[in-house]
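Please read it alongside the sequence and the coordinates.

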Number of protein chains: 2
Amino acid sequence: MSGRPDGAGLAELSPTPRLLMGPGPVDVYPQVLRAMASPLLGQFDPEFTRYMNETMALYRQIYRTGNHWTFLVNGTARSGIEACLGSLVAPGETVLVPRFGRFGHLLTEIATRVGGDVAAIDTDWGTVFSVEDICAEIRSRRPAVLAMVHGDTSTCMVQPLEGLAATCRETGTMIFVDATASLCGAPFETDQWGLDAVAAGLQKCLSGPPGTSPVTLSDRAADVIRTRRHIEFGIRPEGYIEGEGPRITSNYLDLSMILDYWSPLRLNHHTESTSMLYAARECARVILAEGLEAGFSRHALASRALRAGLTAMGLELFGDEAGRMVNVTGVHIPGQCGNGDAVRAELLEDFGIEIGTSFGHLAGRIWRIGTMGHVCRKANILRFLASFDAVLRRHDVPAEPNAAVDAAAAVYAAEQDRTG
Amino acid sequence: MSGRPDGAGLAELSPTPRLLMGPGPVDVYPQVLRAMASPLLGQFDPEFTRYMNETMALYRQIYRTGNHWTFLVNGTARSGIEACLGSLVAPGETVLVPRFGRFGHLLTEIATRVGGDVAAIDTDWGTVFSVEDICAEIRSRRPAVLAMVHGDTSTCMVQPLEGLAATCRETGTMIFVDATASLCGAPFETDQWGLDAVAAGLQKCLSGPPGTSPVTLSDRAADVIRTRRHIEFGIRPEGYIEGEGPRITSNYLDLSMILDYWSPLRLNHHTESTSMLYAARECARVILAEGLEAGFSRHALASRALRAGLTAMGLELFGDEAGRMVNVTGVHIPGQCGNGDAVRAELLEDFGIEIGTSFGHLAGRIWRIGTMGHVCRKANILRFLASFDAVLRRHDVPAEPNAAVDAAAAVYAAEQDRTG
């Protein structure tokens, strides 16, 4: 931090450059940072509402959906999750939550607080469910809503979602998915998988800042939400029709009003977070310019290279191989490193690189190393491995010199050969 | 909008420069825009948590309070309001809401949704309450919470708050205030006025982007909120003590968990909106570097100059003079201009200047012209008046040529003479 001190006694903000390879937030695309420095437009300026509409169109492509209702909730990813569950789940309705990590517990908590009757099923952290097992639970419990995490960064595992929809249609169950950790890092097919509501954040593979949450809703989900429409006095439009369903508990996270804001009605529910909308638009634009498939490949390649390097160092990866995410890697902390915090602190202070630990019983037992978004480039992977190797050596976890870097470089070289 | 088209079919974001003189958002300080273009830090990076602590210290000065619990809620101003009311008001408790504009109705709505039993009192739009009248209601109804708007931009009026606290202490009533529209535009004294919870946004006189909400809580308010503490499984810390009060309905807007996030415990409730925290810190730093009093004077001067100009054009200001805000001015729309929307559109399209209309029965009856934050400079006031005069002349509202500009310039000249 440097800069001119002033009357407030503080210098201007000047963050030290980092390489963010934890579970998020991660390094932001430079185009996105520049966009956030743009001057504001008023929320009803036709140019701004055009940006809102463009953002809807861009996120339809990101989510691979034809859903008209694809928009932003103004808060971190958690706000988008709560907006979806709070608007979809009526008090007393059954919500099935299959849990394979910490974020399943978050869904349980949110669904419970908004009045849902949660039926949870659990699998060991480091594993995921078979689609068949979930379908059996759906048939038996017939929940109003199935609430799932796609990629749970707490365990670095990803839950297959394809094949759930047919059963959910039989039982009249809506599917909500938290795609925060996986979106744009690996294929995500809202329509093909038959999902009704999906929420995410920008701070993982979208390589943006946290603070706004892209959400998409099927028409079926939007219809349910519309039955709970209630607009406060003072901004009720002419011809307003109150929904017959139970009022949504939150006003700020009331999707029925937020849909009106993102419609030609432009209901003044809140003032859109201008700069965060700029960021969201630019994240999607940069990603689609690269191409979703190209981005998935870049994530998968970075992940393969990272894992080759870690394995060459003699480290053990966490979790069932089949269910591992391609954009965050869990590594068992070697005994010599205690809870691993000293290693993380040295990586940050001496090398400017951030990685994470985990939650619950995995806190201090695994490190989590993210390869997300703009971070997924060879120079970052090799820089990380060289630095990590140096720090671990200090902690008596010696690897063959250069083994990690060479193994990762070989993965990149093989890919170069393959693609010519 | 210009720039290179790309694979997504959209050019990079490039908003047309505007002069934002509506009720907010307004032009952002250039230092704040630059800060938002800074690369991210991880949320537990010691440098970032230092920025969080600095932000707490800065907003204590902004709010003129010794309250330890002074922090950000990650959403627009409405999220901060709902976080305060949802965390303070237990189901069934009485909430007194004196309403003098649209935002009083918002407080009614939010307090009702979170389970409060709202007792509202109303005064005509364009007037405010006497403190004595509110105190009489407090004594008679003995509410758990008094929820007030300070400046209501819908009517451009400001409600005096000094003198409420003594009565509220007698009745055990907490005072919540929405300071969004007034904070940093006019004196606001959290401690001297005995307020227990205050929420605001950045997009008015703080001259930042909407998207994060500075909140301050008295120890008394924080103690009440702590009785409702509940942390979801998966992130519960060792030695966790569950509160005995009713669980807060929202998880995202649960201040008991947000306090833990802003404490040395650094509970991972959500990932702080990094870039918006940068913005909030810089807004406060720039404002305190100017000095709060100097900023109030700059707002008052801009407002006096604007009103002198508008009056010289023969326009009629809205609302009781005694209760008018100094940072947003209501003007009756002359009959020749219909609902005023054509004038607003021409100002925006031909002159790049935004002003607003209002809500409810004032929609299409008054224009609202903001003089907030970075906007409050002579060049902007004169530019606005010259442009407004030109547009109104097209609409057959002729004023004496240059009368508005001369009147406003004279106010600035007199101030220059006065201060030397």
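## Helix packing, sheets and chain contact

The crossing of helix 2 of chain A and helix 9 of chain A is left-handed; a crossing is called left-handed if the near helix is turned anticlockwise from the far one by less than a right angle, and right-handed if clockwise. Helices (H or I, at least four residues) and strands (E, at least two) are DSSP runs, numbered from the N terminus.

This is a predicted model, in which local features need pLDDT of at least 70 and side-chain atom pairs count only at pLDDT 80 or more, while totals for chains, interfaces and linings use all residues. Residues are numbered from 1 along each chain as its sequence is written, and chains are lettered from A and ligands numbered from 1 in the order in which they are written.

**Confidence.** The ipTM is 0.97 and the pTM is 0.97. Chain A has an average pLDDT of 96, and 98% of its residues score at least 70; pLDDT is the predictor's confidence in each residue, from 0 to 100. In residues 1-7 of chain A the pLDDT falls below 50, and this stretch has 15 contacts in the model beyond near neighbours in sequence. Two residues are in contact if their C-beta atoms, placed from the backbone, lie within 7 Å.

**Helix pairs.** Axes are lines fitted to C-alpha atoms, for helices over the stretch in contact, and angles run from 0 to 180 degrees between N-to-C directions.

| Helix pair | Axes come within | Crossing angle |
|---|---|---|
| Helix 2 (residues 46-63) and helix 9 (residues 274-290) of chain A | 9 Å | roughly 40° |
| Helix 10 (residues 292-312) and helix 13 (residues 403-419) of chain B | 7 Å | roughly 150° |
| Helix 11 (residues 341-351) and helix 12 (residues 378-394) of chain B | 10 Å | roughly 125° |

Angles under 35 degrees count as roughly parallel, over 145 as roughly antiparallel, 65 to 115 as roughly perpendicular and the rest as oblique. Helix 2 and helix 9 of chain A are therefore oblique to each other. Residues of helix 2 of chain A in this contact include Y51(A), L58(A) and I62(A), and those of helix 9 of chain A include L277(A), A284(A) and L288(A). By class, the residues of the contact of helix 2 with helix 9 of chain A are ten nonpolar, two polar and three charged. Here Ala, Val, Leu, Ile, Met, Phe, Trp, Tyr, Cys and Pro count as nonpolar, Asp, Glu, Lys and Arg as charged, and the others, Gly among them, as polar.

In chain B, helix 10 and helix 13 are roughly antiparallel to each other, and helix 10 of chain B passes helix 13 of chain B in a right-handed crossing. Among the residues that meet are L301(B), L306(B) and G309(B) of helix 10 of chain B and V405(B), V411(B) and Y412(B) of helix 13 of chain B. The contact of helix 10 with helix 13 of chain B comprises 13 nonpolar residues, one polar and two charged.

Helix 11 and helix 12 of chain B are oblique to each other, with a right-handed crossing. Helix 11 of chain B contributes V343(B), E346(B), L347(B) and F351(B), while helix 12 of chain B contributes S387(B), F388(B), V391(B) and L392(B). Six nonpolar residues, one polar and one charged make up the contact of helix 11 with helix 12 of chain B.

**Sheets.** In chain A, seven strands form an open sheet of mixed pairing in the order 2-10-9-8-5-3-4; two strands pair if DSSP finds at least two bridges between them. Strand 2 (69-73) and strand 4 (117-122) of chain A are the edge strands, each pairing on one side only. From one strand to the next, the twist averages 20°. Strand 9 (residues 197-199) and strand 10 (residues 213-217) of chain A run antiparallel and are joined by three bridges, with A199(A) the bridge partner of V215(A). Helix 4 of chain A packs on the sheet against strand 3 (94-99), strand 4, strand 5 (145-149) and strand 8 (174-178) of chain A, and its direction makes about 165° with that of strand 3 of chain A.

In chain B, an open sheet of seven strands has the order 2-10-9-8-5-3-4 and mixed pairing. Its edge strands are strand 2 (69-73) and strand 4 (117-122) of chain B. Helix 2 (residues 46-63) of chain B lies across strand 2, strand 9 and strand 10 of chain B, at about 105° to strand 2 of chain B.

**Chain contact.** The contact takes 74 residues from chain A and 75 residues from chain B. Helix 9 of chain A gives the most to the side of chain A that touches chain B, with nine residues. That side of chain A divides into 30 nonpolar, 25 polar and 19 charged residues.
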